[in-house]
Amino acid sequence: MRRNNRPPTVDPLSDRATEALIRKILLPQEAGDKGRDSQTPIDELLPPLTSRNDVDLQLYAFLAIILREFVQAWYKKITPDETFVAEIVHIIAHCTRALEQRMRHVDWETLMLNEVPEVLEKHINIYWSTHRDQLAQAFPVNGREAYHALWPLPLLSPVPIPGDPNSTARQLENEAAYRQLLVQAVLTVLLPTEDLENPCLAALVGQILSELIIGNVIANKAAQPWLLYEAICIVGRVVTEKRGSNTQTKSSQNPKSHLSNSKKWTVHGFFVSIIQFVMLFISTVRFTFNLVIMSSSLPSRAAGSSERTMTKTAPTKDHASKDGGSTIEKVPVLSFSAWRLLGNVIDLRTRMPWLNGLLSLVQLGAIHGPGRIAKLDGVLDR
């Protein structure tokens with residue numbers, strides 16, 4: 001019988017295969033070195049993208065695929081020199097490091113719970129106002145045209161007309177132009193002056209970020225409904241499998257647990273339930289009391305916002321003076337737009353107006369009522 005002496009195949013999703021891909025594309029001079037012990041680590045040969053090496057490994061693999069498919073495919077036909085690709089890598093690394101430093105000074109609490117939900121809430125309100133009760137209207141209105149009339153967006157104009165390919169082409173052109181303007185504005189802030197003075201390099205990096213990453217990966221793939229639906233299905237399948245495995249483990253450990261669930265109501269069980277409810281109530285009161293006592297020692301939310309605003313606006317004072325100095329205003333947690341967005345998503349105002357009014361009254365009393373316990377830097381706000 002003939003033996004198979006082939007080495008075992010390497011998992012294409014493993015770190016070893018990822019490092020081999022990065023060395024082959026971004027470090028071609030190191031690809032010929034087959035000695036595993038003599039190979040220098042990738043983080044010592046390439047500039048860091050972020051502050052974590054494991055994240056850099058995945059980002060470099062993604063960058064290597066983009067450069068192989070869209071840059072080296074035509075650049076190698078011109079010259080075998082790899083200096084141009086190395087310059088692109090260094091510029092992208094500089095951008096990612098600068099972006100990471102700026103992201104550390106972003107008020108993510110206000111951004112994710114107040115500003116982003118406010119935009120989504122406006123989108124939902126305008127969409128419902130332009131698409132509801134279309135049959136009851138005397139004059140039919142195109143919902144998309146009405147939506148863009150109430151909320152005009154430069155990157156989505158003009159509204160595509162069915163049967164008119166020119167309107168769709170113009171919208172795609174405006175969207176591409178908006179992406180390029182957005183990337184150029186970001187590169188102006190992140191890149192150093194000597195790199196911005198190189199028009200060829202800046203144009204190529206701008207095209208990679210605007211067309212390949214934002215346009216192709218994010219807009220055409222990651223934002224598609226079928227991909228989002230598939231991601232939700234995968235997450236739901238994983239959660240269901242974990243729950244099923246946990247249930248089987250508990251049932252195997254306690255084979256008599258299903259017999260206890262089938263027992264009838266007893267007086268002893270009723271008194272045990274009352275005792276458990278009392279203990280839960282006492283624990284809740286104790287936890288609330290300790291939380292109120294400890295709130296005075298927590299840092300101030302307004303102070304953190306002022307520090308982040310100062311560090312954010314310090315290096316760009318000239319731009320702030322031109323634009324009027326826009327700063328993020330801190331609001332109490334109960335005033336975040338995320339709560340209104342949640343009510344609009346479940347249509348609370350129409351289905352249960354009494355509950356919506358009650359919650360609004362409680363919110364108003366907690367923020368502006370006696371004691372103002374939910375005001376900015378209040379007891380509940382911290």
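The model is predicted. Its secondary structure consists of 19 helices and zero strands. The protein has 382 residues, and 23% of them count as buried. Among contacts with a separation of 6 or more, 59% are between residues 24 or more positions apart.

The helix pairs come next. Two packed helices are described by the angle between their axes and the distance between the axes. Helix α4, residues 53–70, packs with helix α6, residues 83–103, at an angle of about 140°, and the axes are 12 Å apart. The antiparallel class takes angles over 145 degrees, so α4 counts as oblique to α6. The crossing of α4 with α6 is right-handed. From α4, the residues involved are Tyr60, Leu63 and Leu67, which meet Val85, Ile88, Val89, Ile92 and Ala93 in α6. By class, this contact has eight nonpolar residues, no polar ones and no charged ones. An α-helix has 3.6 residues a turn, so residues three or four places apart point the same way. Tyr60, Leu63 and Leu67 of α4 can be viewed in the model with that spacing in mind.

Helix α6 also packs with α11, their axes coming within 11 Å and crossing at roughly 65°. The two helices are therefore roughly perpendicular to each other. Here too α6 passes α11 in a right-handed crossing. On the α6 side the contact is made by Phe84, Glu87, Ile88, Ile91 and Ile92, and on the α11 side by Cys200, Leu201, Leu204, Val205 and Ile208. These residues divide into nine nonpolar, no polar and one charged. Ile88 and Ile92 of α6 take part in this contact, and Ile88 and Ile92 also meet α4.

Helix α11, residues 199–222, has a further partner in helix α9, residues 165–190; the axes of α9 and α11 come within 9 Å and cross at roughly 125°. That angle makes α9 oblique to α11. This crossing is right-handed as well. In α9, the residues in contact are Glu175, Ala176, Arg179, Gln180, Val183, Gln184 and Leu187, and they meet a set in α11 that includes Ala202, Val205, Leu209, Glu211, Ile214 and Ala219. By class, the contact has eight nonpolar, six polar and three charged residues. Val205 of α11 belongs to this contact and to the one with α6.

Just after α17 comes Asp347, which lies in the loop between α17 and α18. Asp347 counts as buried because its relative accessibility is 15%, under the 20% cut-off.

Two backbone features remain. Most residues other than glycine have a negative phi, and most peptide bonds are trans. Asp347 is not a glycine, yet it has a positive phi of about 55°. The peptide bond from Ser157 to Pro158 is cis, with omega near -5°. Pro158 is in the loop between α8 (143–150) and α9.

Conventions
Residues numbered from 1 in each chain as written. Predicted model: local features only at pLDDT ≥ 70, side-chain atom pairs only at ≥ 80, totals over all residues. Heavy atoms only, no water. Helix = DSSP H or I, 4+ residues; strand = E, 2+ residues; numbered from the N terminus. Buried < 20%, exposed > 50% of the residue type's maximum accessible area, 1.4 Å probe, protein only. Contact = heavy atoms within 4.5 Å. Axes fitted to C-alpha atoms, helices over the stretch in contact; angles between N-to-C directions. Parallel < 35°, antiparallel > 145°, perpendicular 65-115°, else oblique. Left-handed = near helix turned anticlockwise from the far one by under 90°. Nonpolar A, V, L, I, M, F, W, Y, C, P; charged D, E, K, R; others polar.
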